[in-house]
Amino acid sequence: MVRSPRPVGPRTLAGRAAAARGTRAAVARGDLSRVVLLVPDPHARFAAVELSGRFFAEEVLGSGYGICTYVFAWDIEREALPAGPESPLAPYVRGFGDLRMRPDLATLTALPDGLCGVVCDVEWPDGEPARAAPRQALTEQLLALEALGYVPSVGLEHEMVFSDADGPLTAHGVDYALGGTERLRPLLRDLRSALDRSGLGVESARAECHPGQYEIVLRHRDALAACDDALLQQLVVRTVAAEHGVRASYLAAPEAGQGNSCHVHLSLASAAGEPAPGAGTTLSPVMASFLAGVLRDAAALAPVWAPTWNSYVRLRSAPFSPRALRWGVDDRTSSVRVAGRDESLRLEFRFAGADAQPHLVVAALLAAGRAGVEECLTPPPAGAEVGSLPGAPWEALSGLDRLTKLLGDEVAAQQEALLRAELAAGCEAVTEWQHRRGGLRA
């Protein structure tokens with residue numbers, strides 16, 4: 001199976017392209033049996049098309065392959081979002097034509113069932129990038145950051161809950177435990193093997209603090225690889241779990257008072273690879289300004305961190321909720337934690353739930369942090385609270401002007417439409433909570 005290596009640490013976009021060229025010859029030989037083209041959509045999942053390896057090598061590698069425009073303008077149930085003729089989203093739902101997928105060979109990954117996955121960039125027929133694509137949004141932020149002379153290294157931590165028809169596979173929280181995880185072991189054994197075959201580069205795995213909760217962490221790497229590989233890992237996890245009759249849930253709040261998060265560890269280096277984090281636990285000036293920029297714009301970026309009704313249950317009720325905007329050194333109760341020291345010093349951003357789209361999460365962090373660097377902002381004192389994230393989805397709509405400035409018209413329109421669709425769907429649903437409350441009136 002042809003796989004692309006995942007080097008640890010920062011890597012420029014040019015470095016990624018060079019790695020892809022090194023893989024191209026092996027792919028062109030037709031060594032792949034079946035290839036799945038994968039496109040990250042706005043809901044932290046892939047839109048996918050499976051092809052024969054020969055067709056991929058002979059045709060798609062050079063010319064790309066089509067995918068319907070609405071994959072970047074659909075709701076969670078794959079229904080097209082409403083978009084008026086003047087909306088930036090209008091081209092994505094007008095006529096439902098084709099975009100063109102361009103495989104990024106730096107992402108080649110061995111998937112279950114003998115498949116090879118490759119993540120794709122997406123462009124219009126005239127070659128213009130599809131700017132509503134989460135991967136494109138991240139690429140544009142990486143280009144802007146590289147223009148300032150900086151390249152990020154990113155590590156993502158996703159928590160999930162494993163459950164079957166009887167409920168979570170652990171009856172209680174098993175944080176860091178071995179005992180109490182016996183029902184998980186057959187699944188984890190197969191999952192370990194599948195992830196080893198994938199070549200994604202797992203750093204650690206452990207039981208977490210809520211019933212059935214588990215966390216598998218990949219090593220830090222360039223930002224595009226970190227986000228692509230987080231979704232590839234989720235694909236592998238869900239596939240192996242289903243084979244065991246188990247559901248792997250990345251719901252932000254499995255229950256009130258519980259939370260599945262997407263924590264982002266981020267550091268900066270020069271384009272030559274020289275780290276710029278700081279000394280001891282003191283941030284360098286550039287990292288301090290980056291932190292200040294993110295704290296300033298964190299509330300406006302809430303539609304990215306918290307895209308669903310359920311996201312706000314996590315923000316309101318989960319332990320260690322990141323809703324209060326403050327930072328601290330090695331403090332997991334803060335929304336931004338300064339972790340590590342010296343060359344391993346990094347910022348851990350704790351805003352996003354596990355339901356958030358990782359490419360957009362990292363793009364938002366880079367956009368806000370870069371603005372802080374460009375303006376030479378100074379962060380508030382450690383522990384000082386400087387605001388809060390919205391506590392309800394409708395409150396998150398108040399920062400759309402700033403979201404537009406940071407991430408562009410198409411992504412902002414997309415996030416607004418998605419959040420409004422989420423609000424409409426929630427207001428039209430009858431839930432068990434409503435039945436219970438109604439029963440109290442009897």
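Counting rings of Phe, Tyr and Trp (its six-membered ring) as paired if their centres lie within 6.5 Å, you get 10 aromatic pairs. This is a predicted model, where local features need pLDDT of at least 70, side-chain atom pairs count only at pLDDT 80 or more, and totals for chains, interfaces and linings use all residues. Residues are numbered from 1 along each chain as its sequence is written, and side-chain values use heavy atoms, leaving out hydrogens and water.

Take Phe-72 and Tyr-92: their ring centres are 6.4 Å apart and their planes sit at 85°, so the pair is edge-to-face (planes over 60 degrees apart; under 30 is stacked, the rest tilted). Phe-72 is in the loop between strand E3 (65-68) and helix H3 (90-93), and Tyr-92 is in H3, so the pair ties together parts 20 residues apart in sequence. Both Phe-72 and Tyr-92 are buried, meaning under 20% relative accessible area with a 1.4 Å probe, protein chains only.

Now look at Phe-162 and Tyr-214, with ring centres 6.4 Å apart and planes at 45°, so this pair is tilted. Both Phe-162 and Tyr-214 are buried too. Ring pairs also link Phe-290, Trp-305, Phe-349 and Phe-351 into a cluster.

On to the helices (DSSP runs of H or I, at least four residues, numbered from the N terminus). Helix H4 (residues 134-147) packs on helix H10 (residues 358-374) at about 25°, with axes 8 Å apart. That makes H4 roughly parallel to H10, the term for angles under 35 degrees.

Technical notes
Axes are lines fitted to C-alpha atoms, for helices over the stretch in contact, and angles run from 0 to 180 degrees between N-to-C directions. Helices (H or I, at least four residues) and strands (E, at least two) are DSSP runs, numbered from the N terminus. Angles under 35 degrees count as roughly parallel, over 145 as roughly antiparallel, 65 to 115 as roughly perpendicular and the rest as oblique. Buried means under 20% relative accessible area, exposed over 50%, partly exposed in between (1.4 Å probe, protein chains only).
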